[in-house]
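Subject: Structure handover

Hello,

Please find the structure below, with notes on a few places in it.

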Amino acid sequence: MKIKDTTRQKIYDLIERYPALEVCEESLTKTVEAICNGFRAGNKLITCGNGGSAADAMHIVGELMKGFLLQREIEKFNPEFVRRAGELFPNDLNYFKANLQSALPAVSLVAETALYSAFANDRAPDLSFAQQLFGLGRPGDVLLAISTSGNSENVIFAAETAKIMGITSIALTGRRGGRLKHLSDITVCVPADSSYTIQEYHLPIYHMLCIAAENEFFG
């Protein structure tokens, strides 16, 4: 399904601010469409990465699971929840309405420290993302795999698991793309080669993805 024109405009706005990303316009468009269509079908976004990319994976979840630029009022977007809250907990209804925000379902694979470390210790460290994806993922979900090199073993195994399970995989990586480029359904290869310069492009890109998704459903 096509995205709104106002959602597509978020891609153009990004490129206007970062002209070097014009080479990524097609892959960014496909990424926005895949993420929005996943949410529209009732599925979730799953993120992973290492080091700075792990922080990015968590950052993305934080922008999607609550209001980012928009308020996402539950009274407007989740009226059934509001109705049920009024029936069951009328004393708390106004507090819910004033503070809860509609969410776009997203989860990172880097935040479950106990699970991650237990599996890494007991089984195979480089399969920790794959194990979580195997347990949490469902066909129709979208995996956003972040790797500046495109060769991170645990991210590669997550992408392979996604392919096995029928989960759409999107890679966010550097100019060369590494092995991840050939495993993913969509690859955004930013025009940079060193880790820190790649990450400098990754941040505005995933901010745009969150802004675009928010606009699509709450704009």
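This is a predicted model: local features need pLDDT of at least 70, side-chain atom pairs count only at pLDDT 80 or more; totals for chains, interfaces and linings use all residues.

Residues are numbered from 1 along each chain as its sequence is written, and side-chain values use heavy atoms, with hydrogens and water left out.

Helices (H or I, at least four residues) and strands (E, at least two) are DSSP runs, numbered from the N terminus. Axes are lines fitted to C-alpha atoms, for helices over the stretch in contact, and angles run from 0 to 180 degrees between N-to-C directions.

H1 and H11

Helix H1 (residues 5-17) packs against helix H11 (residues 195-218) at an angle of about 160 degrees, and their axes are 8 Å apart. H1 and H11 are therefore roughly antiparallel (under 35 degrees counts as roughly parallel, over 145 as roughly antiparallel, 65 to 115 as roughly perpendicular and the rest as oblique). On the H1 side, Thr6, Thr7, Lys10, Ile11 and Leu14 are in contact (heavy atoms within 4.5 Å) with Pro204, Ile205, Met208, Ile211, Ala212, Asn215 and Glu216 of H11. The residues of this contact divide into seven nonpolar, three polar and two charged (Ala, Val, Leu, Ile, Met, Phe, Trp, Tyr, Cys and Pro count as nonpolar, Asp, Glu, Lys and Arg as charged, and the others, Gly among them, as polar).

H7 and H8

Helix H7 (residues 113-122) and helix H8 (residues 128-136) cross at roughly 120 degrees, their axes coming within 9 Å. That makes H7 oblique to H8. Leu115, Tyr116, Phe119 and Ala120 in H7 meet Ser128, Phe129, Gln131 and Gln132 in H8. Here the residues divide into five nonpolar, three polar and no charged.

Thr173

Thr173 belongs to strand S4 (residues 168-173). With a relative accessible area of 0%, Thr173 is buried (under 20%; exposed is over 50%, partly exposed in between, with a 1.4 Å probe and protein chains only). A polar atom of the Thr173 side chain lies 2.7 Å from the backbone oxygen of Ser147. Leaving aside neighbours within four places in sequence, the contacts of Thr173 include Thr148, Gly150, Val188, Ile198 and His202.

Arg72

Arg72 sits in the loop between helix H3 (52-64) and helix H4 (74-77). Its phi is positive, about 55 degrees, although Arg72 is not a glycine. Most residues other than glycine have a negative phi. Arg72 counts as buried, at 0% relative accessibility.

Regards

Methods: A polar contact is a pair of N or O atoms within 3.5 Å; within protein, one must be able to donate a hydrogen and the other to accept it, and residues adjacent in sequence count only if both atoms are side-chain atoms.
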